[in-house]
Amino acid sequence: MITVVYDWGLDDSVHYFMTLEAENYIEHGTSAASNASIAVYPTFESLPQPVRHVFGNQSWEEEELYFQSQGDQFFYLMPYYNSNADRLLFVLHTNYELSNNEMVGLSVGEIASLLALTIVVLTIGVIRNLGWSLIKPINALHEWNRQISAKNQNFTSAAPMPDFRFNELNEAAEQIRHSMIEINQRNDKEKQFLRVLSHELRTPLAITKASLELINKTKSQLDPKLANKLNKIERANANMCATSEVLLWLWSDDLTQFRTQQVDLNEIIKQEIESNQYLAANKSVNISLFEHEVFIEANPVLMQLLVRNLVRNALQYSADGNISIDFQPDSGLTLINPIASQDSSINEPNDYGYGIGLYLVTTLCEKMQWECEIQQNMEQFQVRIKTIR
């Protein structure tokens, strides 16, 4: 476009000056001496022979600018009506290739480069606009998902869902909403189930405990075998009460029930060792317990259940030998017991072998944000609970 406009301007300028020369010739009878590249000829035959050769004798339009070239010369020829002679005169402008090369313009390579740059810029703009048009609704979906996840307790099917522009994103959002509704419904069912289960478990356990306490008052009158069985029933009832209570608390996921206070860890371990000593009645087991006092901030019931399961597992599944229970501020609570070689299920790798006991221990540690490490080899089993304070 720059080249074409320049050529138009050049032609207009040449036409203008050639017209001035023609008018000056008509008025004065000679060409102006100020412009050597423009000459006026009264007839076509008076033009130089090379000019006549390149243009040829043709029908001419008055004041029309004609252009031809020969070698390094460029000729502009304009017929102009001479009112004095009642015929056409011819104004000739001669230009050379040297001056033509100085014209403002772009080469083919420059034009190709400019077009390539323009296409690249337009492509980048289109890609950016397309990317933004995709990223914006995706970000909106992410923000909406974050909001409903933060308040999923109150999320219902009646909650409005925004339009994310694309059908695929709207379908994904609908699936998320459907999943959230389904999860809330299942949570509600689980909470209802826990409320019913809590009542159904606690009531018979409380009745059994009360009945055992009444029977225990006449324990001295019972046969020794019956008294021994009564002791087993009492221990089983106590374990069942504590286990069911904590299980209900854990599944309810209500952290407000876990009220903490200063608890003497050494005293709790001693009580549980004494209460569960019967598990090692037929074994030669020596228990090594740290003697210094350790007070930690924890829920006493949960802490007692945690220690109870650790001690019970150590006594029940230990081989003859030494059970070590130690506490250090930097390493936490560590319990090590030898493994009974005849129990193949315990010796299997990656198998606690202790049923629900260590499952409750690890779950309680998660609730109290403690780190629980369990290690096992062919000779001993070790449980370490860190970050106890």
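**The hairpin and its neighbour**

I looked at S3 and S4 first: they form a hairpin with four residues between them. In the turn, Asp-86 has a positive phi of about 60 degrees. I noted that this is a predicted model, where local features need pLDDT of at least 70, side-chain atom pairs count only at pLDDT 80 or more, and totals for chains, interfaces and linings use all residues. Residues are numbered from 1 along each chain as its sequence is written, and side-chain values use heavy atoms, with hydrogens and water left out.

I checked the pairing (at least two DSSP bridges between two strands). S3 (residues 73–82) and S4 are antiparallel, with 10 bridges. Asn-82 stands opposite Arg-87 in S4. S1 (residues 38–41) also runs antiparallel to S4, joined by four bridges. There, Val-40 faces Val-91 in S4.

How many residues of S4 are buried? I found seven of the 10 in S4 (residues 87–96). Buried means under 20% relative accessible area, with a 1.4 Å probe and protein chains only.

**The helix pair**

Next I took H7 (residues 265–275) and H8 (residues 300–317), which pack at about 50 degrees with axes 9 Å apart.

I listed the contacts (heavy atoms within 4.5 Å). Leu-265, Ile-268, Ile-269, Glu-272 and Ile-273 in H7 meet Met-303, Gln-304, Val-307, Arg-308 and Val-311 in H8. I sorted these residues into seven nonpolar, one polar and two charged.

Terms used:
Axes are lines fitted to C-alpha atoms, for helices over the stretch in contact, and angles run from 0 to 180 degrees between N-to-C directions. Helices (H or I, at least four residues) and strands (E, at least two) are DSSP runs, numbered from the N terminus. Ala, Val, Leu, Ile, Met, Phe, Trp, Tyr, Cys and Pro count as nonpolar, Asp, Glu, Lys and Arg as charged, and the others, Gly among them, as polar. Buried means under 20% relative accessible area, exposed over 50%, partly exposed in between (1.4 Å probe, protein chains only).
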